[in-house]
Amino acid sequence: MSKSYPCPECGAQKMALTVENCTLEDGLVVKRLQHLKCKACDSRFFDDDAMHRIQDERTKRAVAHTA
Ligand SMILES: [Zn+2]
């Protein structure tokens, strides 16, 4: 899998692997999540690894809520 492909949002080839805290649309915060970020338009994109981490965090939170 190539790491230099154009941003689906703006088409710029400025996608960079970034590690930072991400707040998702539903308010879930995933700390130090590695993901792709477009340096041109600041759009974030999650690859499979990132998606797995998000799932993990979501599961942890669900467990914490029911406990
Ligand atoms: Zn972009």
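This is a predicted model: local features need pLDDT of at least 70, side-chain atom pairs count only at pLDDT 80 or more; totals for chains, interfaces and linings use all residues.

Biologist: Which protein donors does the zinc ion have?
Modeller: Cys7, Cys10, Cys38 and Cys41, each through SG, lying 2.3 Å from the zinc ion. Donors here are N, O and S atoms within 2.8 Å of the metal (3.2 Å for Na, K and Ca); water is not among the atoms, so sites may look incomplete.

Biologist: And why is the arrangement tetrahedral?
Modeller: Because the four donor atoms subtend angles of 107 to 115 degrees; four donors count as tetrahedral if all angles lie between 85 and 135 degrees.

Biologist: What spacing do the donors follow along the chain?
Modeller: C-x2-C-x27-C-x2-C. Cys10 lies in the segment before strand E1 (15–23) and Cys38 in strand E2, so that pair ties together parts 28 residues apart in sequence.

Biologist: Is Cys38 buried or exposed?
Modeller: Buried, with 0% relative accessible area, while Cys10 is partly exposed at 39%. Buried means under 20%, exposed over 50%, partly exposed in between (1.4 Å probe, protein chains only).

Biologist: Switching topic, which residues make up the largest nonpolar core?
Modeller: Seven: Cys22, Leu24, Leu28, Val30, Leu33, Ala50 and Ile54. A nonpolar core is a set of buried Ala, Val, Leu, Ile, Met, Phe, Trp, Tyr and Cys residues joined through side-chain atoms within 4.5 Å. A second, separate core of five residues includes Cys38.

Notes. Residues are numbered from 1 along each chain as its sequence is written. Side-chain values use heavy atoms; hydrogens and water are left out. Four donors count as tetrahedral if all angles lie between 85 and 135 degrees; four count as square planar and six as octahedral if opposite donors are over 155 degrees apart and all others between 65 and 115; anything else is irregular. Helices (H or I, at least four residues) and strands (E, at least two) are DSSP runs, numbered from the N terminus.
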